[in-house]
Amino acid sequence: MRNFLKLRKNRTYDYSPRYYKGEGNPYKIEHKLDKYRSTANTQRGLKNKFSSAFDDLKNEGDKNLKIRFLVIVAVLVLLFLFIIDFDLSIFLNP
């Protein structure tokens, strides 16, 4: 009996054209930035999703990104409050 929870993998064939002299398979479709992406060609399954999520948490990336993001959000919120004529005096003590 087949396991109905697992998806069936597609068959792959190791075909190379007769007169092709290059490296690898010329018919393989791959984006040029896939080698830098952590989500490209990931294995399916709940355990693999959690492990890749934990690996992404370990990589911090740009440290100024959070500060830049907070400044942009604050400016947009203040701009929105200015457009709708929100009165900030309700938060001050009388």
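A patch here is built from residues with over 30% relative accessible area and no salt bridge, with nonpolar side chains (Val, Leu, Ile, Met, Phe, Trp, Tyr) joined within 5 Å. A salt bridge means a side-chain nitrogen of Lys or Arg within 4 Å of a carboxyl oxygen of Asp or Glu. Accessible areas come from the Shrake-Rupley method with a 1.4 Å probe, and for residues only the protein chains shown count as cover.

You're looking at a predicted model, where local features need pLDDT of at least 70, side-chain atom pairs count only at pLDDT 80 or more, and totals for chains, interfaces and linings use all residues. Residues are numbered from 1 along each chain as its sequence is written, and side-chain values use heavy atoms, leaving out hydrogens and water.

**The chain overall**
- The protein chain has two helices and zero strands; these are DSSP runs, with helices being H or I of at least four residues and strands E of at least two, numbered from the N terminus.

**The nonpolar patch**
- On the surface, I72, L76, L79, F80, F82, I83, I84, F86, L88, I90 and F91 make up a nonpolar patch, with about 1200 Å² of accessible area together.

**After α2**
- F86 sits in the segment after α2 (65–83), and it counts as partly exposed because its relative accessibility is 36%.
- D85 is in the segment after α2 too, and its phi is near 55°, a positive value in a residue other than glycine.
- With a relative accessible area of 67%, D85 is exposed.

Definitions and conventions: Patch = residues over 30% accessible without salt bridge, like charges linked within 9 Å, V, L, I, M, F, W, Y side chains within 5 Å. Buried < 20%, exposed > 50% of the residue type's maximum accessible area, 1.4 Å probe, protein only.
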